[in-house]
Amino acid sequence: MTHKILMLPGDGIGPEIMAAATAVLEALKSDFGLQVEWEEAPIGGAGYDASGEPLPQATLDLARAADAVMLGAVGGPQYDTLPWEKRPERGLLAIRSELSLFANLRPAILYPQLASASALKPEIVGGLDIMILRELTGGAYFGQPRGIDTRADGVRQGYNTIIYSEPEIERIARSGFEIAMKRDRRLCSVDKANVLEVSQLWRDVVIEVAKEFPQVSLSHMYVDNAAMQLVRQPKQFDVIVTENMFGDILSDAAAMLTGSIGMLPSASMDASGKGLYEPIHGSAPDIAGKNIANPLATILSVAMMLRYSLNEAAQADRIEAAVGRVLDQGLRTADIWTAGCDKVSTSGMGEAVVAALAD
Ligand code: NAD
Ligand code: IPM
Ligand code: MN
(Lines give C-alpha, C1' and ligand atoms only; values in the text may rest on other atoms or scores of the structure.)
(Ligands and ions follow the chains in the order given, each with its own letter.)
Protein backbone atom coordinates (compact mmCIF):
# COMPACT_ATOMS: atom_id res chain seq x y z
CA MET A 1 0.00 0.00 0.00
CA THR A 2 1.30 3.44 -0.90
CA HIS A 3 1.38 5.88 2.01
CA LYS A 4 -0.18 9.26 1.27
CA ILE A 5 1.47 12.16 3.03
CA LEU A 6 0.52 15.82 3.13
CA MET A 7 3.41 18.27 3.38
CA LEU A 8 2.74 21.67 4.96
CA PRO A 9 5.96 23.72 4.70
CA GLY A 10 4.48 26.89 6.23
CA ASP A 11 6.53 30.01 6.83
CA GLY A 12 10.02 31.32 7.59
CA ILE A 13 12.51 28.43 7.64
CA GLY A 14 9.57 26.01 7.12
CA PRO A 15 10.10 25.58 3.35
CA GLU A 16 13.88 25.17 3.77
CA ILE A 17 13.72 22.46 6.44
CA MET A 18 10.84 20.75 4.65
CA ALA A 19 12.88 20.58 1.42
CA ALA A 20 15.60 18.72 3.33
CA ALA A 21 13.03 16.34 4.83
CA THR A 22 11.45 15.77 1.43
CA ALA A 23 14.86 14.90 -0.03
CA VAL A 24 15.16 12.15 2.57
CA LEU A 25 11.70 10.79 1.71
CA GLU A 26 12.53 10.98 -1.98
CA ALA A 27 15.64 8.87 -1.40
CA LEU A 28 13.77 6.30 0.70
CA LYS A 29 11.27 6.04 -2.14
CA SER A 30 13.73 5.76 -5.01
CA ASP A 31 16.47 3.70 -3.35
CA PHE A 32 14.97 1.83 -0.40
CA GLY A 33 11.54 0.69 -1.56
CA LEU A 34 9.37 2.97 0.56
CA GLN A 35 5.99 3.22 -1.11
CA VAL A 36 5.02 6.80 -0.57
CA GLU A 37 3.52 9.74 -2.37
CA TRP A 38 2.94 13.27 -1.17
CA GLU A 39 1.47 16.58 -2.04
CA GLU A 40 1.98 20.02 -0.62
CA ALA A 41 -0.50 22.57 0.71
CA PRO A 42 -0.31 25.99 2.35
CA ILE A 43 -0.84 26.67 6.06
CA GLY A 44 -0.10 29.56 8.41
CA GLY A 45 1.05 32.78 6.79
CA ALA A 46 1.38 30.92 3.48
CA GLY A 47 -2.26 29.85 3.81
CA TYR A 48 -3.29 33.40 4.55
CA ASP A 49 -1.33 34.69 1.54
CA ALA A 50 -2.86 32.05 -0.74
CA SER A 51 -6.47 32.16 0.37
CA GLY A 52 -7.00 34.63 3.21
CA GLU A 53 -7.14 31.86 5.84
CA PRO A 54 -4.33 30.43 8.01
CA LEU A 55 -5.93 26.99 7.61
CA PRO A 56 -7.55 26.90 4.15
CA GLN A 57 -10.45 24.45 3.90
CA ALA A 58 -8.70 22.66 1.03
CA THR A 59 -5.63 22.09 3.24
CA LEU A 60 -7.76 20.65 6.03
CA ASP A 61 -9.58 18.36 3.57
CA LEU A 62 -6.23 17.07 2.23
CA ALA A 63 -4.99 16.56 5.79
CA ARG A 64 -8.05 14.47 6.66
CA ALA A 65 -7.55 12.35 3.53
CA ALA A 66 -3.82 11.78 4.11
CA ASP A 67 -2.30 8.91 6.10
CA ALA A 68 -0.01 11.37 7.88
CA VAL A 69 0.87 15.06 7.80
CA MET A 70 4.31 16.72 7.95
CA LEU A 71 4.57 20.36 8.97
CA GLY A 72 7.51 22.78 8.87
CA ALA A 73 6.65 25.84 10.98
CA VAL A 74 4.28 28.79 10.90
CA GLY A 75 4.43 32.46 11.80
CA GLY A 76 6.46 35.56 11.15
CA PRO A 77 6.62 39.24 12.06
CA GLN A 78 4.82 40.29 8.89
CA TYR A 79 1.73 38.47 10.16
CA ASP A 80 1.82 39.62 13.78
CA THR A 81 -0.51 42.56 13.20
CA LEU A 82 -3.22 40.52 11.44
CA PRO A 83 -6.58 40.12 13.16
CA TRP A 84 -6.41 37.31 15.71
CA GLU A 85 -8.28 34.67 13.68
CA LYS A 86 -6.08 35.25 10.61
CA ARG A 87 -2.75 34.81 12.37
CA PRO A 88 -0.57 31.89 11.23
CA GLU A 89 -0.53 30.31 14.70
CA ARG A 90 -4.33 30.02 14.55
CA GLY A 91 -3.91 27.74 11.54
CA LEU A 92 -1.65 25.38 13.45
CA LEU A 93 -3.94 25.33 16.49
CA ALA A 94 -6.96 24.76 14.24
CA ILE A 95 -5.45 21.75 12.45
CA ARG A 96 -4.41 20.21 15.79
CA SER A 97 -7.92 20.68 17.11
CA GLU A 98 -9.78 19.67 13.92
CA LEU A 99 -7.78 16.44 13.70
CA SER A 100 -8.13 15.79 17.49
CA LEU A 101 -4.35 15.50 17.88
CA PHE A 102 -4.44 15.47 21.68
CA ALA A 103 -1.20 13.58 22.36
CA ASN A 104 1.99 15.45 21.53
CA LEU A 105 5.14 13.36 21.93
CA ARG A 106 8.31 15.41 22.26
CA PRO A 107 11.33 13.15 22.79
CA ALA A 108 14.49 14.87 24.02
CA ILE A 109 17.41 12.63 23.17
CA LEU A 110 21.04 13.67 23.33
CA TYR A 111 23.10 12.32 20.48
CA PRO A 112 26.46 11.53 22.13
CA GLN A 113 28.25 13.41 19.34
CA LEU A 114 26.50 16.61 20.50
CA ALA A 115 27.41 16.38 24.19
CA SER A 116 29.65 19.44 23.87
CA ALA A 117 26.89 21.43 22.12
CA SER A 118 24.52 20.96 25.05
CA ALA A 119 24.06 23.89 27.40
CA LEU A 120 24.71 21.47 30.29
CA LYS A 121 27.85 19.62 31.35
CA PRO A 122 28.38 16.24 29.60
CA GLU A 123 28.18 14.34 32.90
CA ILE A 124 24.69 15.77 33.54
CA VAL A 125 23.23 15.20 30.05
CA GLY A 126 25.24 12.23 28.77
CA GLY A 127 22.80 9.48 27.66
CA LEU A 128 19.75 11.73 28.06
CA ASP A 129 16.60 10.10 26.66
CA ILE A 130 13.35 11.52 28.00
CA MET A 131 9.87 11.78 26.55
CA ILE A 132 7.70 14.80 27.19
CA LEU A 133 4.06 14.05 26.52
CA ARG A 134 2.18 17.31 26.08
CA GLU A 135 -1.63 17.50 26.00
CA LEU A 136 -2.29 19.42 22.80
CA THR A 137 -5.99 20.20 22.30
CA GLY A 138 -7.08 21.58 25.67
CA GLY A 139 -6.08 23.95 28.44
CA ALA A 140 -5.54 27.68 28.04
CA TYR A 141 -4.98 27.32 24.29
CA PHE A 142 -8.62 26.47 23.63
CA GLY A 143 -10.52 27.27 26.85
CA GLN A 144 -13.48 29.62 26.87
CA PRO A 145 -14.09 32.37 27.84
CA ARG A 146 -11.12 34.19 26.40
CA GLY A 147 -10.59 37.67 25.09
CA ILE A 148 -9.67 41.27 25.67
CA ASP A 149 -12.44 43.63 26.75
CA THR A 150 -13.11 46.75 28.73
CA ARG A 151 -14.49 46.62 32.25
CA ALA A 152 -17.36 48.81 33.46
CA ASP A 153 -14.81 51.18 34.99
CA GLY A 154 -13.13 51.61 31.61
CA VAL A 155 -10.06 49.49 32.37
CA ARG A 156 -9.07 46.99 29.64
CA GLN A 157 -8.53 43.37 30.67
CA GLY A 158 -7.32 40.22 28.95
CA TYR A 159 -8.18 36.70 30.03
CA ASN A 160 -7.94 33.03 29.10
CA THR A 161 -9.34 29.93 30.73
CA ILE A 162 -7.35 26.82 31.59
CA ILE A 163 -9.99 24.13 31.46
CA TYR A 164 -9.71 20.33 31.34
CA SER A 165 -12.54 17.84 31.51
CA GLU A 166 -12.05 14.49 33.21
CA PRO A 167 -12.12 12.51 29.92
CA GLU A 168 -9.50 14.84 28.42
CA ILE A 169 -7.17 14.21 31.38
CA GLU A 170 -7.91 10.50 31.39
CA ARG A 171 -6.95 9.92 27.76
CA ILE A 172 -3.67 11.84 27.93
CA ALA A 173 -2.80 10.17 31.24
CA ARG A 174 -3.49 6.77 29.69
CA SER A 175 -1.21 7.64 26.76
CA GLY A 176 1.45 8.63 29.28
CA PHE A 177 1.22 5.29 31.09
CA GLU A 178 1.22 3.35 27.82
CA ILE A 179 4.35 5.15 26.65
CA ALA A 180 6.01 4.60 30.03
CA MET A 181 5.20 0.86 29.79
CA LYS A 182 7.33 0.70 26.61
CA ARG A 183 10.21 2.55 28.26
CA ASP A 184 11.61 2.60 31.82
CA ARG A 185 8.11 2.51 33.40
CA ARG A 186 8.46 5.81 35.22
CA LEU A 187 5.90 8.55 34.69
CA CYS A 188 6.11 12.04 36.18
CA SER A 189 2.93 14.08 35.98
CA VAL A 190 3.70 17.80 36.04
CA ASP A 191 1.07 20.21 37.31
CA LYS A 192 0.47 23.22 39.56
CA ALA A 193 -1.91 21.49 41.95
CA ASN A 194 -0.81 23.70 44.84
CA VAL A 195 -2.43 26.71 43.15
CA LEU A 196 -4.79 25.69 40.31
CA GLU A 197 -8.04 23.74 40.71
CA VAL A 198 -7.65 22.45 37.15
CA SER A 199 -4.34 20.93 38.25
CA GLN A 200 -5.92 19.36 41.33
CA LEU A 201 -8.40 17.58 39.06
CA TRP A 202 -5.53 16.65 36.73
CA ARG A 203 -3.65 15.05 39.63
CA ASP A 204 -6.73 13.23 40.96
CA VAL A 205 -7.52 11.76 37.54
CA VAL A 206 -3.91 10.72 36.85
CA ILE A 207 -3.91 8.87 40.21
CA GLU A 208 -7.14 7.09 39.19
CA VAL A 209 -5.73 6.03 35.81
CA ALA A 210 -2.55 4.81 37.52
CA LYS A 211 -4.56 1.91 39.01
CA GLU A 212 -4.70 0.39 35.49
CA PHE A 213 -0.89 0.46 35.29
CA PRO A 214 0.51 -1.03 38.51
CA GLN A 215 3.92 -1.65 36.90
CA VAL A 216 4.47 2.05 36.25
CA SER A 217 5.94 4.12 39.04
CA LEU A 218 4.07 7.43 39.13
CA SER A 219 5.34 10.67 40.62
CA HIS A 220 3.98 14.22 40.65
CA MET A 221 5.90 17.45 40.40
CA TYR A 222 4.95 21.12 40.37
CA VAL A 223 5.83 22.75 37.09
CA ASP A 224 8.18 25.35 38.56
CA ASN A 225 10.21 22.61 40.23
CA ALA A 226 10.06 20.53 37.02
CA ALA A 227 11.64 23.38 35.05
CA MET A 228 14.43 23.54 37.63
CA GLN A 229 14.88 19.75 37.79
CA LEU A 230 15.09 19.51 33.98
CA VAL A 231 18.16 21.71 34.09
CA ARG A 232 19.58 20.34 37.38
CA GLN A 233 19.30 16.58 36.80
CA PRO A 234 17.37 15.87 33.59
CA LYS A 235 18.10 12.12 33.60
CA GLN A 236 15.88 11.64 36.67
CA PHE A 237 12.95 11.68 34.20
CA ASP A 238 11.70 8.93 31.91
CA VAL A 239 8.28 10.14 30.72
CA ILE A 240 6.77 13.49 31.67
CA VAL A 241 3.05 14.03 31.08
CA THR A 242 1.68 17.52 31.36
CA GLU A 243 -0.91 20.00 30.15
CA ASN A 244 -0.70 22.04 26.97
CA MET A 245 1.08 25.22 28.03
CA PHE A 246 3.40 23.63 30.59
CA GLY A 247 4.43 21.11 27.92
CA ASP A 248 5.10 23.87 25.41
CA ILE A 249 7.47 25.61 27.78
CA LEU A 250 9.19 22.55 29.27
CA SER A 251 9.89 21.05 25.84
CA ASP A 252 11.72 24.17 24.64
CA ALA A 253 13.83 24.00 27.80
CA ALA A 254 14.49 20.28 27.23
CA ALA A 255 15.52 21.00 23.64
CA MET A 256 18.53 22.98 24.81
CA LEU A 257 19.77 19.94 26.74
CA THR A 258 20.17 18.14 23.41
CA GLY A 259 22.30 20.89 21.90
CA SER A 260 19.71 22.92 20.00
CA ILE A 261 16.04 23.45 19.50
CA GLY A 262 16.84 22.44 15.92
CA MET A 263 17.22 18.82 17.12
CA LEU A 264 13.77 18.09 18.62
CA PRO A 265 11.11 16.34 16.54
CA SER A 266 7.52 15.77 17.59
CA ALA A 267 4.49 13.63 16.86
CA SER A 268 0.95 14.86 17.48
CA MET A 269 -1.40 11.89 17.53
CA ASP A 270 -5.13 11.27 17.61
CA ALA A 271 -6.75 8.27 19.26
CA SER A 272 -6.43 6.14 16.10
CA GLY A 273 -2.72 6.63 15.47
CA LYS A 274 -3.06 9.25 12.78
CA GLY A 275 -0.55 12.00 13.28
CA LEU A 276 0.94 15.32 12.37
CA TYR A 277 4.72 15.50 12.60
CA GLU A 278 6.73 18.66 13.06
CA PRO A 279 9.88 20.01 14.69
CA ILE A 280 9.10 21.67 18.02
CA HIS A 281 10.78 24.93 16.97
CA GLY A 282 9.15 27.80 15.15
CA SER A 283 9.67 29.59 11.86
CA ALA A 284 12.90 31.27 13.08
CA PRO A 285 12.37 34.54 11.18
CA ASP A 286 15.83 35.72 12.27
CA ILE A 287 17.53 33.09 10.09
CA ALA A 288 14.86 32.44 7.42
CA GLY A 289 15.99 32.40 3.80
CA LYS A 290 19.67 32.00 4.70
CA ASN A 291 19.96 28.23 4.28
CA ILE A 292 21.49 27.89 7.75
CA ALA A 293 18.65 26.39 9.82
CA ASN A 294 19.09 22.91 11.25
CA PRO A 295 16.80 20.49 9.37
CA LEU A 296 17.47 17.52 11.68
CA ALA A 297 14.40 18.08 13.90
CA THR A 298 12.26 17.89 10.76
CA ILE A 299 14.14 14.91 9.34
CA LEU A 300 13.77 13.13 12.70
CA SER A 301 10.06 14.00 12.58
CA VAL A 302 9.87 12.07 9.30
CA ALA A 303 11.33 9.11 11.19
CA MET A 304 8.67 9.48 13.90
CA MET A 305 5.99 9.56 11.18
CA LEU A 306 7.31 6.36 9.62
CA ARG A 307 7.40 4.63 12.99
CA TYR A 308 4.17 5.84 14.59
CA SER A 309 1.71 6.36 11.73
CA LEU A 310 3.01 4.36 8.77
CA ASN A 311 4.25 1.15 10.41
CA GLU A 312 7.64 1.50 8.70
CA ALA A 313 9.95 1.08 11.68
CA ALA A 314 12.89 -0.17 9.58
CA GLN A 315 12.78 2.98 7.43
CA ALA A 316 12.60 5.10 10.59
CA ASP A 317 15.66 3.29 11.96
CA ARG A 318 17.43 3.96 8.67
CA ILE A 319 16.88 7.72 9.01
CA GLU A 320 17.94 7.82 12.66
CA ALA A 321 21.08 5.82 11.93
CA ALA A 322 21.90 8.16 9.02
CA VAL A 323 21.58 11.18 11.31
CA GLY A 324 24.00 9.52 13.74
CA ARG A 325 26.50 8.88 10.92
CA VAL A 326 26.35 12.45 9.69
CA LEU A 327 27.06 13.68 13.22
CA ASP A 328 29.93 11.14 13.42
CA GLN A 329 31.33 12.72 10.25
CA GLY A 330 31.53 16.02 12.15
CA LEU A 331 28.94 17.81 10.01
CA ARG A 332 27.06 20.53 11.91
CA THR A 333 24.68 23.34 11.11
CA ALA A 334 25.54 26.62 12.83
CA ASP A 335 23.29 26.05 15.87
CA ILE A 336 25.13 22.84 16.90
CA TRP A 337 28.56 23.74 15.61
CA THR A 338 31.50 23.41 17.99
CA ALA A 339 35.23 23.82 17.36
CA GLY A 340 36.75 21.17 15.11
CA CYS A 341 33.51 20.39 13.26
CA ASP A 342 32.56 21.20 9.67
CA LYS A 343 29.83 23.78 9.20
CA VAL A 344 27.14 22.82 6.70
CA SER A 345 24.03 24.54 5.36
CA THR A 346 20.44 23.38 5.68
CA SER A 347 20.49 21.79 2.25
CA GLY A 348 24.02 20.47 2.84
CA MET A 349 22.84 18.68 5.98
CA GLY A 350 19.87 17.23 4.08
CA GLU A 351 22.17 15.94 1.33
CA ALA A 352 24.54 14.45 3.90
CA VAL A 353 21.68 12.55 5.56
CA VAL A 354 20.54 11.27 2.16
CA ALA A 355 24.06 10.08 1.38
CA ALA A 356 24.32 8.37 4.78
CA LEU A 357 21.07 6.40 4.33
CA ALA A 358 22.94 3.82 2.31
CA ASP A 359 25.72 3.07 4.80
P1 NAD B 1 11.60 29.93 17.09
O2 NAD B 1 11.62 28.53 17.55
O3 NAD B 1 11.14 30.18 15.72
O4 NAD B 1 13.07 30.55 17.24
C5 NAD B 1 13.73 30.68 18.49
C6 NAD B 1 15.25 30.76 18.25
O7 NAD B 1 15.71 29.45 17.87
C8 NAD B 1 15.64 31.70 17.12
O9 NAD B 1 16.85 32.34 17.43
C10 NAD B 1 15.83 30.77 15.92
O11 NAD B 1 16.73 31.24 14.95
C12 NAD B 1 16.34 29.50 16.59
N13 NAD B 1 15.92 28.31 15.83
C14 NAD B 1 14.68 27.79 15.75
N15 NAD B 1 14.66 26.73 14.92
C16 NAD B 1 15.93 26.56 14.48
C17 NAD B 1 16.56 25.62 13.60
N18 NAD B 1 15.88 24.63 13.00
N19 NAD B 1 17.88 25.75 13.37
C20 NAD B 1 18.59 26.73 13.96
N21 NAD B 1 18.05 27.64 14.82
C22 NAD B 1 16.74 27.56 15.06
O23 NAD B 1 10.72 30.75 18.16
P24 NAD B 1 10.26 32.30 18.17
O25 NAD B 1 11.37 33.16 17.67
O26 NAD B 1 9.73 32.51 19.51
O27 NAD B 1 9.04 32.36 17.16
C28 NAD B 1 9.17 32.75 15.78
C29 NAD B 1 7.85 32.51 15.06
O30 NAD B 1 7.58 31.11 15.00
C31 NAD B 1 6.64 33.12 15.75
O32 NAD B 1 5.78 33.61 14.77
C33 NAD B 1 6.02 31.96 16.50
O34 NAD B 1 4.65 32.12 16.73
C35 NAD B 1 6.29 30.84 15.54
N36 NAD B 1 6.35 29.50 16.16
C37 NAD B 1 5.82 28.48 15.42
C38 NAD B 1 5.91 27.19 15.88
C39 NAD B 1 5.36 26.10 15.02
O40 NAD B 1 5.08 26.31 13.86
N41 NAD B 1 5.19 24.90 15.54
C42 NAD B 1 6.59 26.92 17.07
C43 NAD B 1 7.14 27.97 17.80
C44 NAD B 1 7.02 29.27 17.32
C1 IPM C 1 4.73 24.86 19.37
C2 IPM C 1 4.44 26.32 19.17
C3 IPM C 1 2.94 26.55 19.09
C4 IPM C 1 2.37 26.18 20.45
C5 IPM C 1 2.47 27.94 18.67
C6 IPM C 1 3.14 28.45 17.45
C7 IPM C 1 0.98 27.93 18.46
O8 IPM C 1 5.05 27.09 20.16
O9 IPM C 1 4.32 24.04 18.52
O10 IPM C 1 5.41 24.51 20.35
O11 IPM C 1 2.43 26.99 21.39
O12 IPM C 1 1.87 25.07 20.57
MN1 MN D 1 6.43 25.97 21.43
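Asp224 is found in helix 8 (residues 223–232), where helices (H or I, at least four residues) and strands (E, at least two) are DSSP runs numbered from the N terminus. The model is a predicted one, in which local features need pLDDT of at least 70 and side-chain atom pairs count only at pLDDT 80 or more, whereas totals for chains, interfaces and linings use all residues. Residues are numbered from 1 along each chain as its sequence is written, while chains are lettered from A and ligands numbered from 1 in the order in which they are written.

With 13 other C-beta atoms within 10 Å, Asp224 is partly exposed; a residue is called buried if 20 or more other C-beta atoms, placed from the backbone, lie within 10 Å of its own, exposed if 12 or fewer, and partly exposed in between. Asp248, which is placed in helix 9 (residues 244–257), also counts as partly exposed, with 19 C-beta neighbours inside 10 Å. An unreviewed UniProt entry lists Asp224, Asp248 and Asp252 under "binding site", with positions given in the numbering used here, feature names shortened, and annotations that may be inferred rather than shown by experiment. Although these residues span 29 residues in sequence, no two of their C-alpha atoms are more than 14.4 Å apart, so they gather at one spot.

Asp248 also belongs to the surroundings of ligand 2, together with Gly75, Glu89, Leu92, Leu93, Ile280 and Gly282, a residue being near a molecule if its C-beta atom, placed from the backbone, lies within 6 Å of it. Helix 4 (residues 88–98) provides the largest share of this shell, three residues. By class, the shell around ligand 2 comprises three nonpolar, two polar and two charged residues, with Ala, Val, Leu, Ile, Met, Phe, Trp, Tyr, Cys and Pro taken as nonpolar, Asp, Glu, Lys and Arg as charged, and the others, Gly among them, as polar. Around ligand 1 there are 21 residues, of which Gly75, Gly262, His281, Gly282 and Asn294 come nearest; that shell divides into ten nonpolar, seven polar and four charged residues.

Within helix 4, the buried residues are Pro88, Arg90, Gly91, Leu92, Ile95 and Arg96, and their cover includes helix 2 (45–51), helix 3 (57–65), strand 11 (265–269) and strand 12 (275–279). Just after helix 4, Ser100 adopts a positive phi of about 55°.

An automatic or database domain assignment supplies the domain bounds, dividing the protein into domain 1 (1–105 + 263–359) and domain 2 (129–257). The C-alpha centres of domain 1 and domain 2 are 25 Å apart, and the contact between them takes 13 residues from domain 1 and 15 residues from domain 2, two residues being in contact if their C-beta atoms, placed from the backbone, lie within 7 Å. On the side of domain 1 that touches domain 2, helix 4 and strand 4 (103–109) are the elements that give two or more residues, and the residues of that side divide into eight nonpolar, four polar and one charged.

Apart from its neighbours within four places in sequence, Val24 is in contact with Ile299, Val302, Ile319, Gly350, Val353 and Val354.
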